[in-house]
Number of protein chains: 2
Amino acid sequence: MKKLMCVPNVSEGTDRSKIDQFAASITEDPGIRLIDLSSDKDHNRSVFSYLGDPDAVLAATKRLADSVFSLIDMRAHKGSHPRQGALDVVPFIPVGSMTTDEALPIAREFGRFIGEKGIPVYYYEDAATAPERVSLVDVRKGEYEVLEEKLKDPSWYPDEGPAVFVPSVGSVQVAVRFPLVAFNVNLRTDSLELAADIAKAVRQRDGGYRYVRAIGLSLADSGMVQVSMNLTNYVKTPVHRVLETIRSEASARGVTVASTELVGPVPVGALEQVARHYLQAHGFSAGQIIETSA
Amino acid sequence: MKKLMCVPNVSEGTDRSKIDQFAASITEDPGIRLIDLSSDKDHNRSVFSYLGDPDAVLAATKRLADSVFSLIDMRAHKGSHPRQGALDVVPFIPVGSMTTDEALPIAREFGRFIGEKGIPVYYYEDAATAPERVSLVDVRKGEYEVLEEKLKDPSWYPDEGPAVFVPSVGSVQVAVRFPLVAFNVNLRTDSLELAADIAKAVRQRDGGYRYVRAIGLSLADSGMVQVSMNLTNYVKTPVHRVLETIRSEASARGVTVASTELVGPVPVGALEQVARHYLQAHGFSAGQIIETSA
């Protein structure tokens, strides 16, 4: 079963009517399954997660792009999350038996579709055209506010479309990537310093696990703190290993894990590992899983 | 998505050619997914697990019955596992959004199909017609060898078909039931007594968990012992709770859990619980799970 997931991040997190129109443009095709829609007012950003046959997902993402370009004006956009355009990131994620190589032509066709509208496109992660464009952090450095200057730099000539700044839209960042796991660990303390220390202990940047990006956050409502993470390759850096490292680091500081959160879609392979590890069920395979009503 | 699973147990575990013919009768319809096929020579018994649209599963099971009745002669059958017929048990298991009430008419139609061939049928578990017929252990008491006498007893008049003993076939036991989890815990000791003690600690019969059936077994090859279990309602008696009880009981006797086995199909809801418990991800839902290639 070859399926494609797409998780576009759109620079609008407050206007419910616009967000609803974006969602409607995606789900116009009943073959598309909208798994998750999260809007954040502080970030002023919405994240759509949907799944379907590859061609249907491509068509839905084109409809979304048209809707976003007609309803968002980046000149008026403010938000705490980094962004470089109205349709800020469009990652395509192979699912089921689909491979990265099979997802790439879809991403390229989407990029050309945007480029032909006269809008600049950057490919990143597994779709990147150069090593310095692999990391989204690098591609988006300086954000929307410096994009006009960036487009004049030959080393930042766009991968699709002209090197022309379109103020209402900015640029579109398109990727193919491995499914990531968004995993947060809540700690029974109000020490943000402790959360930041533990985030450093597990993240690649500071010597931690290779496929972990992590930050420490305060959870105002509960009076606790959180290690908020993206696990970018749950096969090589599995959920349970990161959790147990955090548990051990917290415990050494006299703090317990209050709860965790798996946010949005979770690849079935990540759960297979959880069962193998904690149940010691070494032979368990995701192929054994059946859907049930209970 | 309304799907039906069927897990017939057939009294033939040695003759590969016959077992292959049984499997072929099931998978003749490409819409049927054969999830698992396990044959045991000591038991002289094969277990088929397959899944599909309810009508397709009914048709596949009728084809299997015809194949079994034409190839198995119970007069020649010997095996260590209890059995009362060639097509010994036929449990139908609702899957996805299908309910027990929706599965019942399918089980009844299958039972009538067998009865019309002049073969006696007993319904058990959620298909039972009387309280004393709910438990398969009760229905199958005395096994094939006493069936001729049992059929003369008015209290064991069959639910479908005549009260006539058909020596080549015996009787067919048909059920609707909740999906069960077959879960084995391997202990790092060769003491069968210890495994039997711990089986008693967790099983309902001896004061343990309500939805656990358990026995202690020796694993000759590894020199270990096993607590071999069926969890008949993993929602009310979850896998992790049973494992942790066994771990605690074994630990108090100086023995560790070497590994566990989840055998055959595993309902996704059982894994949801594993993730919630061991990851402390209290808000995690099976609806978040996506299939992936990795």
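This is a predicted model: local features need pLDDT of at least 70, side-chain atom pairs count only at pLDDT 80 or more; totals for chains, interfaces and linings use all residues.
Chain A can be laid on chain B with an RMSD of 0.1 Å by a turn of 180° and a shift of 0.0 Å along the axis. The two copies are thus related as by a two-fold rotation axis. The contact between them takes 42 residues from chain A and 42 residues from chain B.

**Domains and core**

- The domain assignment divides chain A into domain 1, residues 2-176, and domain 2, residues 181-288.
- Between the C-alpha centres of these two domains of chain A the distance is 27 Å.
- The largest nonpolar core holds 175 residues.
- The residues with the most contacts inside this core are Leu231, Val239 and Val274 of chain A, together with Leu231(B), Val239(B) and Val274(B).

**Interface between chains A and B**

- Of the interface residues of chain A, 98% are also interface residues in chain B, so the copies meet through the same surface.
- On the side of chain A that touches chain B, the elements giving two or more residues are strand E5 (87-96), helix H7 (239-252), strand E11 (257-263), strand E12 (266-267), helix H8 (268-278) and strand E13 (289-290).
- H8(A) supplies the largest share of that side, six residues.
- By class, the side of chain A that touches chain B has 27 nonpolar, 13 polar and two charged residues.
- Strand pairing also crosses between the chains: E12(A) and strand E13 of chain B, residues 289-290, pair in the parallel sense over two bridges.
- Within this pairing, Val266(A) stands opposite Ile289(B).

**Helix H8 of chain A**

- Eight of the 11 residues of H8(A) are buried, so the helix is mostly covered.
- The buried residues are Val268(A), Gly269(A), Ala270(A), Leu271(A), Glu272(A), Val274(A), Ala275(A) and Tyr278(A).
- Their cover comes from both chains, and includes strand E8 (181-187), H7, E12 and E13 of chain A together with H8 and E13 of chain B.
- Just after H8(A), Gln280(A) takes a positive phi of about 55°.

**Strand E1 of chain A**

- E1(A), residues 2-6, is mostly covered, with four of its five residues buried.
- E1(A) pairs with E5(A) in the antiparallel sense over five bridges, and Leu4(A) stands opposite Pro94(A) in E5(A).
- E1(A) also pairs in the antiparallel sense with strand E4 of chain A, residues 45-52, over three bridges.
- The bridge partner of Met5(A) in E4(A) is Leu51(A).

**Positive phi in chain B**

- Most residues other than glycine have a negative phi.
- Asn44(B) has a positive phi, near 50°, and is not a glycine.
- Asn44(B) lies in the loop between strand E3 (33-40) and strand E4 (45-52) of chain B.
- With 18 C-beta neighbours inside 10 Å, Gln280(B) counts as partly exposed.

**Two loop residues of chain A**

- Tyr234(A) is placed in the loop between strand E10 (224-231) and H7 of chain A.
- With 27 other C-beta atoms within 10 Å, Tyr234(A) is buried.
- Apart from neighbours within four places in sequence, Tyr234(A) is in contact with Val181(A), Val239(A), Pro267(A), Gly269(A) and Ala270(A).
- Tyr234(A) and Leu192(A) are 42 residues apart in sequence, and their C-alpha atoms lie 26 Å apart.
- Arg253(A) lies in the loop between H7 and E11 of chain A.
- Arg253(A) is exposed, having 12 other C-beta atoms within 10 Å.
- From Arg253(A) to Leu194(A) the separation is 59 residues in sequence and 8.4 Å in space, C-alpha to C-alpha.

How values were computed. Residues are numbered from 1 along each chain as its sequence is written. Chains are lettered from A and ligands numbered from 1 in the order in which they are written. A nonpolar core is a set of buried Ala, Val, Leu, Ile, Met, Phe, Trp, Tyr and Cys residues joined through C-beta atoms within 7 Å. A residue is buried if 20 or more other C-beta atoms lie within 10 Å of its own, exposed if 12 or fewer, and partly exposed in between; C-beta atoms are placed from the backbone. Copies are superposed by least squares on the C-alpha atoms of residues with pLDDT of at least 70 in both. Two residues are in contact if their C-beta atoms, placed from the backbone, lie within 7 Å. Domain bounds come from an automatic or database domain assignment. Ala, Val, Leu, Ile, Met, Phe, Trp, Tyr, Cys and Pro count as nonpolar, Asp, Glu, Lys and Arg as charged, and the others, Gly among them, as polar. Two strands pair if DSSP finds at least two bridges between them.
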